[in-house]
Amino acid sequence: MSAFILGTDHIDYLVSAAVGAGIGGHGLYWDGERVEWHNADRVGAALLRENIASVSFRYAPHDGGLPGPVPNPVPEDYGYQPFLRVETAQVLKAIDCYEYQSCEHPGWKDSEARRFCDVLRRRYSATMPGYDDALWEVSRPELLKRSLLTHRQCA
């Protein structure tokens, strides 16, 4: 699969997940500021900019623009359109996709976008069904006691 510029729906979904992570919790931060409705345009534009930097590094732009649904996106034109509901599994998959599309350039490793993805993934991973009941430290006796591991699974 090759890298491409993501559509704004994908960026909106990630920003919506970040805004949602702050409801009743610690919040998610971008450049030292909590991600909320009032700065969602700026955060989304920055995510898009990072994606463009990656795809531009991987593929030299040509007459038709960069690969993706919008070949010549302008991050400054980005306008956040919230998703009113996000689902944990979809958030995690959207993060994976975003990272895959945005990690091609040398600045990715130390980018604010990478930190954003790392924190967002941790926040949403902790909301997976069964997470609170899962063992902190795994041991076979404890798993057997909880009936999570059967003899056939071990063999």
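Reader: Is Cys97 buried, partly exposed or exposed, and at what relative accessibility?

Author: Happy to start there, with the reminder that this is a predicted model. Buried would need a relative accessible area under 20%, and exposed would need over 50%. Cys97 has 24% relative accessibility, so Cys97 counts as partly exposed.

Reader: And what about Cys103, and how many disulfides are there?

Author: Cys103 has a relative accessible area of 33%, so it is partly exposed. A disulfide needs a pair of cysteine sulfur atoms within 2.5 Å. By this rule, the number of disulfides is zero.

Reader: How are the rings of Trp30 and Phe116 arranged?

Author: Trp30 is buried at 7% relative accessibility, and Phe116 is buried at 2%. The structure holds four aromatic pairs. In the pair of Trp30 and Phe116, the ring centres are 5.5 Å apart and the planes are at 70°; since planes over 60 degrees apart count this way, the arrangement is edge-to-face.

Reader: How many residues apart in sequence are the parts which that pair ties together?

Author: Trp30 lies in strand 1 and Phe116 in helix 4, so the pair ties together parts whose separation in sequence is 86 residues.

Reader: Does the span of helix 2 agree or disagree with its number of residues, and what is the distance between its end C-alpha atoms?

Author: Helix 2 has 19 residues, and at 1.5 Å a residue it should span 27 Å. That agrees with the distance between its end C-alpha atoms, which is 27 Å.

Reader: Last one: where is His105, and which residues does it touch beyond four places away in sequence?

Author: His105 is found in the loop between helix 3 (88–102) and helix 4 (112–125). At 14% relative accessibility, it counts as buried. Its contacts, not counting residues up to four places away in sequence, are Glu50, Ala53, Ser54 and Phe57.

Notes: Residues numbered from 1 in each chain as written. Predicted model: local features only at pLDDT ≥ 70, side-chain atom pairs only at ≥ 80, totals over all residues. Heavy atoms only, no water. Helix = DSSP H or I, 4+ residues; strand = E, 2+ residues; numbered from the N terminus. Buried < 20%, exposed > 50% of the residue type's maximum accessible area, 1.4 Å probe, protein only. Contact = heavy atoms within 4.5 Å. Expected span 1.5 Å × (residues − 1). Phe/Tyr/Trp six-rings, centres within 6.5 Å; stacked < 30°, edge-to-face > 60°.
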